[in-house]
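Biologist: I would like to learn how to read this structure, feature by feature. Please take me through it.
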Amino acid sequence: MFSNILIYFVIIPLLMLAGFALCRNDKQIRAVAVIGSTILIAMSVWLLVDYLALRQAGETAEMLFTGSWEWFGPLNICLAVGVDGVSIAMILLSSIIVFAGSFASWKIDDARHFFMWLLLLSTGVFGFFISIDLFTMFMFYEVALIPMYLLIGVWGTGRKEYSAMKLTLMLMGGSAFLMLSLIGIYYHSAPEGGQLTWNILEIAKNDAISQGWQYFLFPMCFVGFGVLGAMFPFHTWSPDGHACAPTAVSMLHAGVLMKLGGYGCFRVAMYLMPQAANDLAWIFLILTGISVVYGAFSACVQTDLKYINAYSSVSHCGMVLFAILMINTTAMTGAIMQMLSHGLMTALFFALIGMIYGRTHTRDIRLMGGLMKIMPFLGVGYVIAGMASLGLPGLSGFVAEMTIFVGSFEAGMKDFLAGAGSLRLVFTVIACASIVITAVYILRVVGKLLFGPVQDEHHLQLTDATWWERLSVITLVVSVAAIGCFPNFFESLIKFTFSPELFRAIGL
Amino acid sequence: MEPVIPIIILALPLTMFLVLGLFGHKMSHPLAGVLGTAGMGVTMVLAYITAFTYFFSGNPEFIDADAHTRLQSIIFNVDWLAFTDSLVLRLGFLLDPISALLLVVITTISFMVHLYSNGYMRDHHGVWEKGFQRFYAFLSLFSFSMLGLVVATNIFQMYIFWELVGASSYLLIGFYYTKPSAVSASKKAFIVTRFADLGFLLGILVLSAYTGTFNFTDFTSTEVAEGVYRVSEGTAEGIRAMIQNSAAPMFMGASVLTWALVLIFMGGMGKSAMMPLHIWLPDAMEGPTPVSALIHAATMVVAGVYLVARLFPLYLMEEAALNIIVVVGALTALYAAMVACTQIDIKRVLAFSTISQIAFMMVSLGVARPEFHHGLGYMASMFHLFTHAMFKALLFLCAGALIHAIGSNDYTAMHGLRKHMPITHITFLIGCLAIAGIIPFAGFFSKDEILTATMGHSMLWYVWMSLVAGLTAFYMFRLYYLIFWWKEHKVPEGHHAPHDQPWTMTLPLVILAVVSCFAGFVPFGNLVTWNGEEMFDSVSFFTNFKALDWSVASISLAVAVVAILIATAMYKKENPLPAKMKNALPALWRWCHHRFYWDELYMFITHKIIFGCISKPIAWFDRHIVDGTMDGIAYVVQRSSYAIRSLQSGNIQRYVWVYLIGALLLGAVTAICLM
């Protein structure tokens, strides 16, 4: 068991947790956080290199580094792990954000407990991405969600109890649907008389879920994960939750946790129930299509920086689910790229907002102005994040969105030419229009917040970023630029998963 | 050709951007200025070498000597992002007549602007402008993006750099970021062009979805050797046939190819400031004047023209798309020329004049047909692009010198400067003569070719464009007289009289003025034509002169002279004529002065409709209806728990009562059922 590298992605956060309990002062806590998260990054890079080497050597299995250890025999629950290009991309994303998040919460109050909960959350996240057993996957999913309640409720600002409660209850509501559908899948996981299983790969191989059951289970599963993916109309936890959460939690939440939704949607819902996914996609295409423009339009009139970003996340995450539903290799690759890209840039946004808020003690853009002159480093970081968000070539947003648009248009065209309706085409055009609205709200914020005359004279005394803040921002900016400049590396890593031979939905 | 030089041409400005952007704030001002200027100078020399090699080496990669046809040559092409197996986004370097031409134009103007800014970006006491290093970093970024745009081998690469020039334009317009007007101008420029780019993107998607390729050469050319292509109508016909044979060749009454081309042209309209997407360009004058000269006069704004020229064989296939280009161009040309006659801010006059001149290029492309003089319109358009870049950059740099000396953009603050600033005066006059189309200055030849091409297409547009040409001469000389003639203002005590500028600013003016005098003699017909075929058998210095169609040339010359005479009569000295004109046609004057209220219309659409009628209601709906439902569910759950809470009160007597009643009811029900 311990010879499998994947297990360590769960063990190291747990060891760090224990380490925090033993630490005597904040300095030691920071040291543990930095060392641990550096090890996590190193491991994910190693995993990536190892994975690519294996693929280079001609390994064509769906998942590599697989392992399965029985946990509860009677129900055939195992701790089953395995990764493909998509999970590796997500693991890399998570470790980068944990690293940047540790630096962003350098001076937090009660660091010990904060970091303990944060690392518990990370354990859940990593566990989720490495699992291929539905039951353990769900367990890690819950492990990732619950600490959020305390992290927001205790370390948050504003109406934190209300927001923490709202976020947790809405996500738990989603989990309820999810659990039902997972149990449903389990009971149809094998043909009559066969050994029931929770293992995704085996379920896919058995292909035993009847069409009727797929129609019943797919919507529940998609909605269950979709709530976390901020799908309209189940997105309202996101603005309130983000607004009250402390910096690192916002970063982790928008950067990684919301990706659990998108990842789950394609790994479980689309992969295990392709028939229903194909037939019922139109319902969710409409909902996610709405998310894309609706989030963008809402962001245009918000005045709180975090609300703007939360709505922008609704728009960008809507794009992820939207692209997954296109059931097209290119669009789905774009969806995963968008997850990576959105994760990094939104983490960057929330980090910067936290740093600005820590200085000005307000997030209302009407009360701020001309900050570029006062804190040039943070200002430039914000402009770069904004440019990534509105899809400037050379940064990550562009490659992700363009891949999605090209793929969706291809899928839409195929439908259209085959006389299968123009829904996909129409919604692709609508989604494309979001690039204009995104530009509107990003430039509005940048113009008000950073440029123009200084609004508040007290702001003139404020200082620019400290070294740990700079490190956090630079890590994220470099990652965003790396994806934007060398997209082919990431796309080919991901694309293999979506080849028609491997991904059942596409092979329809 | 070895790819080394082309790679350096692109890499050097990018490196300069990174170096100046990351370490500029630690450098001294002169170092940053010299570094940026030197970098651009080297790029310019390399671009000249490349263009010279392309045009004159006679290398079989570049010219088919037997057929006298220039070829397209892909110097390098690197996979950057593979969307699908066939749709691969590559970054490459395509060398053909128009890209070689644009390499020369961009690097020349960019170098002039780099040099000029060393003087412009500090005040009279030699104090450097704040953010000087940042300015050079952005200029380098822009030059890189623009060079990448013109050498694009495929339409998606062009889109990438198209977005990048938009962003660098945004950064440079908003260079004085503490000034609210500059901030809103930069925002406006970005959003308006973004809207146009949406059309461009959709056009690319449509075109690539049908044809399965992004490559320009696949749209327009046939391969003659590896990496070497010849523009041929056949390929474009093939593309049209491919779309016509597909399952849905028509969409809403027009062919899919027309849709794609019109959508792509929409992107060009945004960047090239064609009506109704022109509103950002006059405001973009908020940027430093050298930036206006580089981006908003000579290079970026002609990207739309370049885009149409690049896909010209495809446009030839769709008469409807070409007609749209002609109509949009002609309307814009007249509109902008009329507005230019009434503006007070000298940079805005020049901005509207730019819009009008770019519209000339568009019209010229739109009327170009291979049947008429080997596609004269296409050649004329590129010729005008070249000459216009030179004299308009000259005019803008002169305007910069004036603004630098006076400290205001309005001609009302200038008057009578010809004695104080003789060099600026002469160079500005040369620029005016060039744009007005007086023989033998540059604009005369290119404009004459355009008018000839237009006449070959339709008489209506010929008369229309001649009228606009006359208006051009009129408003330019109006501006000239108002700045350099009239009675000069008294210099307040303690101030210097305005004077000419340092050499870093003067040198570019003089160079560009000389180029504006002689650029018209470049035998363009043999260098740049739509399919690369040379127009003349032999060339000499007077080729263009001999090729003139004097019936057109004499008329246009007469129109220009008359227009200049009218301007002289009205504006050389202060007199009541302009006021009389204004009072005679008050409505026309007001509409022109207010730019036909386009800005007000856009304000209404964005603020009232998009913000007021869409965004705000959506935000309200989200908070009160969607979120309200969630809160409502929570409220109902809470209320119902309160309601049933009293059942679990812990009161034994009540439990006994409930138990007894329940038991009795159960007994009763059982009894009834048994009976």
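Modeller: Start with a strand pair: strand β3 (residues 72-82) of chain B and β4(B) run antiparallel, joined by eight bridges. Two strands pair if DSSP finds at least two bridges between them. Helices (H or I, at least four residues) and strands (E, at least two) are DSSP runs, numbered from the N terminus. This is a predicted model: local features need pLDDT of at least 70, side-chain atom pairs count only at pLDDT 80 or more, and totals for chains, interfaces and linings use all residues. Residues are numbered from 1 along each chain as its sequence is written, while chains are lettered from A and ligands numbered from 1 in the order in which they are written.

Biologist: Which residue of β4(B) is the bridge partner of B:F76?

Modeller: B:F93 is the bridge partner of B:F76. Likewise, B:I74 has B:L94 as its bridge partner in β4(B). A hairpin of five residues joins β3(B) to β4(B).

Biologist: In what order do the four strands of the open sheet in chain B come?

Modeller: The order is β4-β3-β6-β5 in chain B, with antiparallel pairing. β4 (88-95) and β5 (221-225) of chain B are the edge strands, and each pairs on one side only. From one strand to the next, the twist averages 45°. Such angles run from 0 to 180 degrees between N-to-C directions, and axes are lines fitted to C-alpha atoms, for helices over the stretch in contact.

Biologist: Is β4(B) mostly covered or mostly uncovered?

Modeller: β4(B) is mostly covered, with six of its eight residues buried. A residue is buried if 20 or more other C-beta atoms lie within 10 Å of its own, exposed if 12 or fewer, and partly exposed in between; C-beta atoms are placed from the backbone. Across chain B, buried residues make up 55% of the 675 residues. Chain B has 27 helices and eight strands.

Biologist: Now helix packing. At what angle do α4 and α10 of chain A pack?

Modeller: Two packed helices are described by the angle between their axes and the distance between the axes. Helix α4 (residues 111-130) and helix α10 (residues 247-272) of chain A pack at about 20°, with axes 11 Å apart. α4(A) and α10(A) are therefore roughly parallel; angles under 35 degrees count as roughly parallel, over 145 as roughly antiparallel, 65 to 115 as roughly perpendicular and the rest as oblique.

Biologist: Which residues make the contact?

Modeller: Among them are A:L118 and A:F128 of α4(A), and A:L252 and A:Y263 of α10(A). Two residues are in contact if their C-beta atoms, placed from the backbone, lie within 7 Å. By class, the contact has eleven nonpolar, no polar and no charged residues. Ala, Val, Leu, Ile, Met, Phe, Trp, Tyr, Cys and Pro count as nonpolar, Asp, Glu, Lys and Arg as charged, and the others, Gly among them, as polar.

Biologist: How many residues of chain A are in contact with chain B?

Modeller: 41 residues of chain A are in contact with 39 residues of chain B. On the chain A side, α16(A) gives the most, with ten residues. That side has 28 nonpolar, ten polar and three charged residues.
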